Structure formats: structure tokens, C-alpha cells
Amino acid sequence: MISPREKQVLYLIAHEYTTTEIAQKLHISGDTVKTHRKSMLTKVGARNVAGLVRRAFENPLLKVQ
């Protein structure tokens, strides 16, 4: 469902990194980060990033630490 790279992006989103910071950390472009985010929104049926993060915790995509 969600690719390993998308999981990396999701983890950083959940930890409040900006698009620019995620791009720098993963050595990808900001547009690629946006594409991963949009893809994940579609895959999990979320309307926004808050919904994406909520679904990630509801399903075993992210763990509470």
C-alpha cells in the first residue's frame, strides 16, 4: 500500500518537518515530497495532512513512541 519512501515522508510529516526540511533530509526535491504526500492522501482516503496522520496512527503505519 504505502511505499517505504512514503513511510519515511509520513514519519517526518508526523514529526512536524516542513516540505523543505523533508526534502533536504531525504535528498529529494520539494515537488517529490508533495507528490508522496498527495499519493498517501489518496491511498488512505484522507482529505488533509491531519487526516493522513490520524489514519497512520489508527492503522499500523506509525507507532506512538
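Does Ile-13 count as buried or exposed, and at what relative accessibility? In this predicted model, Ile-13, which lies in helix α1, counts as buried because its relative accessibility is 11%, and the cut-off for burial is under 20% relative accessible area. Leaving aside residues up to four places away in sequence, Ile-13 touches Ile-22, Arg-37, Met-40, Val-49 and Val-53. Ile-13 and Leu-52 are separated by 39 residues in sequence, whereas their C-alpha atoms are 9.5 Å apart in space.

Ile-13 is also one of the residues that touch the most other members of the largest nonpolar core, a set of 17 residues in which Val-9, Leu-10, Ile-22, Met-40 and Leu-52 are likewise named on this criterion. Two or more residues of this core are given by each of α1, α2 (19-26), α3 and α4 (49-58). Met-40 touches Ile-2, Glu-6, Val-9, Leu-10, Ile-13 and Leu-52, again with residues up to four places away in sequence not counted.

The burial pattern of helix α1 was examined next. The buried residues in α1 are Glu-6, Val-9, Leu-10, Leu-12 and Ile-13. When the helix is viewed down its axis, the buried residues of α1 fall within an arc of 165°, so they line one face of the helix. The cover over these buried residues of α1 includes α2, α3 and α4.

A corresponding description applies to helix α2. Ile-22, Ala-23 and Leu-26 are buried in α2, and, seen down the axis of α2, these buried residues fall within an arc of 100°, so they line one face of the helix. Thr-20 and Gln-24, on the other side of α2, are exposed. The packing partners of the buried residues of α2 are α1 and α3.

The arrangement of the helices was then described through their axes. Helix α1 (residues 4-14) and helix α3 (residues 30-44) have axes that come within 10 Å and cross at roughly 95°, which makes α1 roughly perpendicular to α3. In this contact, Arg-5, Glu-6, Val-9, Leu-10 and Ile-13 of α1 meet Val-33, His-36, Arg-37, Ser-39, Met-40 and Lys-43 of α3. Classified by residue type, the contact of α1 with α3 has five nonpolar, two polar and four charged residues.

One of the α3 residues in this contact is His-36, which counts as buried because its relative accessibility is 17%, with burial defined as under 20%. Beyond residues up to four places away in sequence, His-36 touches Arg-5, Glu-6, Val-9 and Ile-28.

For α2 and α3, the axes come within 8 Å and cross at roughly 105°, and α2 and α3 are therefore roughly perpendicular to each other. On the α2 side of their contact, Thr-19, Ile-22 and Ala-23 meet Gly-30, Val-33, Lys-34 and Arg-37 of α3. By class, this contact of α2 with α3 has three nonpolar, two polar and two charged residues. Val-33 and Arg-37 of α3 are listed in the contact with α1 and also in the contact with α2.

Helix α3 also includes Thr-42, which is exposed because its relative accessible area is 64%, the cut-off for exposure being over 50%. Thr-42 and Leu-52 are ten residues apart in sequence and have C-alpha atoms 9.4 Å apart in space.

Helix α1 is followed by Glu-16, which is found in the loop between α1 and α2. The phi of Glu-16 is near 65°, a positive value in a residue other than glycine, and Glu-16 is exposed, with a relative accessible area of 72%. Helix α2 is followed by His-27, a residue found in the loop between α2 and α3. The phi of His-27 is near 60° and is likewise positive in a residue other than glycine, while His-27 counts as exposed at 73% relative accessibility.

Conventions. Residues are numbered from 1 along each chain as its sequence is written. This is a predicted model: local features need pLDDT of at least 70, side-chain atom pairs count only at pLDDT 80 or more; totals for chains, interfaces and linings use all residues. Side-chain values use heavy atoms; hydrogens and water are left out. Axes are lines fitted to C-alpha atoms, for helices over the stretch in contact, and angles run from 0 to 180 degrees between N-to-C directions. Helices (H or I, at least four residues) and strands (E, at least two) are DSSP runs, numbered from the N terminus. Angles under 35 degrees count as roughly parallel, over 145 as roughly antiparallel, 65 to 115 as roughly perpendicular and the rest as oblique. Contact means heavy atoms within 4.5 Å. Ala, Val, Leu, Ile, Met, Phe, Trp, Tyr, Cys and Pro count as nonpolar, Asp, Glu, Lys and Arg as charged, and the others, Gly among them, as polar. Buried means under 20% relative accessible area, exposed over 50%, partly exposed in between (1.4 Å probe, protein chains only). A nonpolar core is a set of buried Ala, Val, Leu, Ile, Met, Phe, Trp, Tyr and Cys residues joined through side-chain atoms within 4.5 Å. The arc is that of the directions from the helix axis to the C-beta atoms.
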